[in-house]
Structures are given as structure tokens and as C-alpha cells.
Amino acid sequence: MNVQFKKGVLNLCVLALLDGQDRYGYELVQMISRRIEVSEGSVYTLLRRLTKEGYFETYLKESSEGPPRKYYRLTADGKDYLQDLLAEWRNFTESVNELIGGDDNDE
């Protein structure tokens, strides 16, 4: 998949996966990687940035499989940001689909 496509939607994917359920970083990487080839480092970089911007809060939770895991939770600002991105995404994909679908309604 085109790298620029992935960069453009990774924020949206991470936010959507955290909507309604807290998750830890590696879990997010695995979920995204099932559909989109993505590097672990790019997801963690994104998580740090979005946390710093106030869209996530973090907490540690004990794990039966090793050390405690850092979980990410959407904040109210994160939920608002997700809704904004979803609206933009829907508008964008609708416009692109009209262009590449050969719709001649503009003539």
C-alpha cells in the first residue's frame, strides 16, 4: 500500500480503535497490521504525539504475561478529534469515489 495513503489514515485508525475500548500499544500495532502493513515504530510515535496533544491519556495495567502494560484511553478532546476526522474522511472518500468512478454529473 502506498506509504502516503497509510500516513494519512493512521491517526484515524488508531483513534477509531480506541473509541470505546482502551488498548495497549502492541495490541494496536497487531490490529492495524492485520489490515495495513505498518511499522511498530510509526504507531508508537503516533501514540506519543497524540498523547502529548491531549487526545489520549495513559495508565499502567498489570499483565499476566510480563511487565505492566501502558494502556491508552481517548479523552473528550480525542473523541471530538475522532468525530472531526471521520467527517473529513467520509467527505474525502466520497469525493474521490465520485472522481474515479467516472461520474459525469459535473458536465
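This is a predicted model: local features need pLDDT of at least 70, side-chain atom pairs count only at pLDDT 80 or more; totals for chains, interfaces and linings use all residues.
**Entry 1**

Next I checked Trp89, which is partly exposed with a relative accessible area of 35%. Trp89 and Phe92 sit three residues apart in helix H4, so about one helical turn separates them.

**Entry 2: aromatic pairs**

How many aromatic pairs does the structure hold? I found five. I took Tyr24 and Tyr71 as my example: their ring centres are 5.4 Å apart and their planes stand at 70°, so I noted the pair as edge-to-face. Tyr24 belongs to strand S1 (residues 23–24) and Tyr71 to strand S3 (residues 66–74), so this pair ties together parts that are 47 residues apart in sequence.

Are these two tyrosines, Tyr24 and Tyr71, buried or exposed? Tyr24 is buried, at a relative accessible area of 17%, and Tyr71 counts as buried too, at 12%. Then I went back to Trp89 and Phe92, whose ring centres lie 6.2 Å apart with planes at 40°, so I wrote that pair down as tilted. I also saw that ring pairs link Tyr24, Tyr59 and Tyr71 into a cluster.

**Entry 3: a charged patch**

Which residues gather in a patch of negative charge on the surface? I listed Asp77, Asp80, Asp84 and Glu88. I followed up on Asp77, which is placed in helix H4 (residues 76–100). Asp77 is partly exposed, with a relative accessible area of 47%.

Key: Residues are numbered from 1 along each chain as its sequence is written. Side-chain values use heavy atoms; hydrogens and water are left out. Patches are made of residues with over 30% relative accessible area and no salt bridge: like charges are joined within 9 Å, nonpolar side chains (Val, Leu, Ile, Met, Phe, Trp, Tyr) within 5 Å. Accessible areas come from the Shrake-Rupley method with a 1.4 Å probe; for residues, only the protein chains shown count as cover. A salt bridge is a side-chain nitrogen of Lys or Arg within 4 Å of a carboxyl oxygen of Asp or Glu. Lys and Arg count as positive and Asp and Glu as negative; His and the chain ends are not counted. The place of a charge is taken as NZ of Lys, CZ of Arg, CG of Asp or CD of Glu. Helices (H or I, at least four residues) and strands (E, at least two) are DSSP runs, numbered from the N terminus. Buried means under 20% relative accessible area, exposed over 50%, partly exposed in between (1.4 Å probe, protein chains only). Rings of Phe, Tyr and Trp (its six-membered ring) pair if their centres lie within 6.5 Å; planes under 30 degrees apart count as stacked, over 60 as edge-to-face and the rest as tilted.
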